[in-house]
Each structure stands twice: as structure tokens, then as C-alpha cells.
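Here is a short report on a protein fold. Look at the sequence and the model first, then read on.

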Amino acid sequence: AGGLETEVLVCDEGWWHAPSCRQDPSACIPLVTRSGFAIQYVTQLAAHHNMPLTVASVPAEEWARVPHDPATPALFYWWFPDPLFADV
């Protein structure tokens with residue numbers, strides 16, 4: 001089915017692709033969250049609002065590196081301003 005009927009996210013090598021870009025994952029915009037935080041919320045928003053996101057959750061150590069790594073262009077999720085990202 002379309003990936004919206006169950007409570008389980010079907011991932012491709014660790015990434016969940018929104019329905020709007022599932023046929024062509026290269027058209028998806030990567031979004032990284034930490035340790036599963038808000039992943040249900042983000043995936044539901046992407047599916048409902050037809051947002052072309054591909055979403056992954058990574059451990060805290062890896063997640064803190066993502067915004068500082070130009071080789072990994074991605075949106076990232078954090079819930080408050082943090083000096084860790086002052087240079088981003």
C-alpha cells in the first residue's frame with residue numbers, strides 16, 4: 001500500500017520517503033532527526049501536506065555532526081536555539 005495504512009514506517013536503507021517523492025527518492029529533501037525524536041510528527045506532516053521529504057533518525061553523536069558537515073546537505077530538527085549550531 002502507500003505506506004500510510006500502518007503504524008510502521010517502511011524505510012529504504014534507513015530513510016523513509018514521503019509518498020510525494022517515493023517513486024523518485026532523488027527528488028526528496030533529506031531531513032534528519034535525533035534518536036527518533038518527533039519522527040512520527042514529521043512523517044505525518046510530510047505525508048499529509050505532500051512535502052517531498054526523506055526522513056532519517058540517527059544517534060545523538062552522529063546527529064550533532066550533520067548541520068556542520070557540508071558534504072551532508074540536509075534539514076535538521078531541534079526544538080530550541082542551541083549554541084551548538086551558532087556557526088550554521
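## Sheet pairing

Strand S2 pairs with strand S4 (residues 75-76) in the parallel sense, over two bridges. Strands here are DSSP runs (E) of at least two residues, helices are runs (H or I) of at least four residues, and both are numbered from the N terminus. Two strands count as paired if DSSP finds at least two bridges between them. In S4, leucine 75 is the bridge partner of leucine 31. Phenylalanine 76 in S4 is the bridge partner of valine 32.

S2 (residues 29-34) also pairs with S3 (residues 53-58), again in the parallel sense, over six bridges. The chain goes from S2 through helix H1 (residues 39-48) to S3, and this β-α-β crossover is right-handed. Right-handed means that, with the strands pointing away from the viewer, the path from the first strand over the helix to the second runs clockwise. Alanine 56 in S3 is the bridge partner of valine 32. Threonine 33 stands opposite serine 57 in S3.

## Model and numbering

This is a predicted model, in which local features need pLDDT of at least 70, side-chain atom pairs count only at pLDDT 80 or more, and totals for chains, interfaces and linings use all residues. Residues are numbered from 1 along each chain as its sequence is written, and side-chain values use heavy atoms, with hydrogens and water left out.

## Overall fold

The protein has two helices and four strands. From the N terminus on, the elements run β-β-α-β-α-β. The four strands form an open sheet in the order S1-S3-S2-S4, with mixed pairing. S1 and S4 stand at the edges, each with a single partner strand, so one side of each is left without a neighbour in the sheet.

The antiparallel part involves S1 (residues 16-17), which pairs with S3 over two bridges. There, threonine 54 in S3 is the bridge partner of histidine 17. Strands of a sheet pair through backbone hydrogen bonds, either parallel or antiparallel.

## Burial and surface

Of the 88 residues in the protein, 26% are buried. Buried means under 20% relative accessible area, exposed means over 50%, and partly exposed lies in between (1.4 Å probe, protein chains only). S3 is mostly covered: five of its six residues are buried.

The protein exposes about 5,800 Å², and carbon and sulfur atoms supply 59% of this area. Accessible areas come from the Shrake-Rupley method with a 1.4 Å probe; for residues, only the protein chains shown count as cover.

## Core and contacts

The largest nonpolar core has eight residues: Trp16, Ala18, Leu31, Ile39, Val42, Ala46, Leu53 and Val55. H1 and S3 are the elements that give two or more residues to this core. H1 supplies the largest share, three residues. A nonpolar core is a set of buried Ala, Val, Leu, Ile, Met, Phe, Trp, Tyr and Cys residues joined through side-chain atoms within 4.5 Å.

Isoleucine 39 touches Leu9, Thr33, Val55 and Ser57, not counting residues up to four places away in sequence. Contact means heavy atoms within 4.5 Å. Of the contacts in the protein with a separation of 6 or more, 54% are between residues 24 or more positions apart.

## Valine 32

Is valine 32 buried or exposed? Valine 32 is buried, with a relative accessible area of 3%. This residue lies in strand S2. With residues up to four places away in sequence left out, valine 32 touches Trp15, Ala56, Val58, Trp63, Val66, Ala74, Leu75, Phe76 and Tyr77. Valine 32 and threonine 54 are 22 residues apart in sequence and 8.5 Å apart in space, C-alpha to C-alpha.

## Cysteines

The structure holds one disulfide, a pair of cysteine sulfur atoms within 2.5 Å. This disulfide joins cysteine 21 to cysteine 28, with an S to S distance of 1.9 Å. The link of cysteine 21 and cysteine 28 is right-handed, with 100° about the S-S bond. Both cysteine 21 and cysteine 28 are buried. Cysteine 11 is partly exposed, with a relative accessible area of 44%.
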